[in-house]
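Welcome! Here is a short tour for anyone meeting this structure for the first time.

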Amino acid sequence: MMVLQHDPFSGHLFAFRGRKANLIKIVFWDGSGLCLFTKRLEQGRFPWPSAEETGGTVALTSEQLVMLIEGINWRAPERRWRPTVAG
């Protein structure tokens, strides 16, 4: 079982990736309650920064967070999947 080692009411975002790496969940406190943002990629995987130790934390810049949510690898941003047809 994983236990959150930091204060969830601190205003920080806490991101978790699913086992298949195509699902991401972000939990944050907005001042009146905890919010959960979830996104699943149709193709590909979410890039994930490596922590120094197992269960460790990683700080991301706002730009890196946006790229993470979009499924863009900030180490190689030119590779990105786009759907051919919408709907």
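Predicted model: local features only at pLDDT ≥ 70, side-chain atom pairs only at ≥ 80, totals over all residues.

Between β1 and β2, the hairpin has 5 residues. One of the residues to look at here is alanine 21, which takes a positive phi near 70°.

## The sheet

What is the order of the strands in the sheet? The sheet is open and has 3 strands, arranged β1-β2-β3 with antiparallel pairing. Strands β1 and β3 (34-40) are the edge strands, as each of them pairs on one side only. From one strand to the next, the twist averages 15°.

## An aromatic pair

How many aromatic pairs are there? The count comes to 1 aromatic pair. The ring centres of phenylalanine 9 and tryptophan 29 are 4.9 Å apart and the ring planes stand at 85°, so this pair is edge-to-face; planes over 60 degrees apart count that way.

Where do the two partners sit along the chain? Phenylalanine 9 is in the segment before β1, while tryptophan 29 is in strand β2, so the pair ties together parts 20 residues apart in sequence. Phenylalanine 9 has a relative accessible area of 48% and is partly exposed. Tryptophan 29 also counts as partly exposed, at 29% relative accessibility.

Terms used
Residues numbered from 1 in each chain as written. Heavy atoms only, no water. Pairing = 2+ DSSP bridges. Helix = DSSP H or I, 4+ residues; strand = E, 2+ residues; numbered from the N terminus. Phe/Tyr/Trp six-rings, centres within 6.5 Å; stacked < 30°, edge-to-face > 60°. Buried < 20%, exposed > 50% of the residue type's maximum accessible area, 1.4 Å probe, protein only. Axes fitted to C-alpha atoms, helices over the stretch in contact; angles between N-to-C directions.
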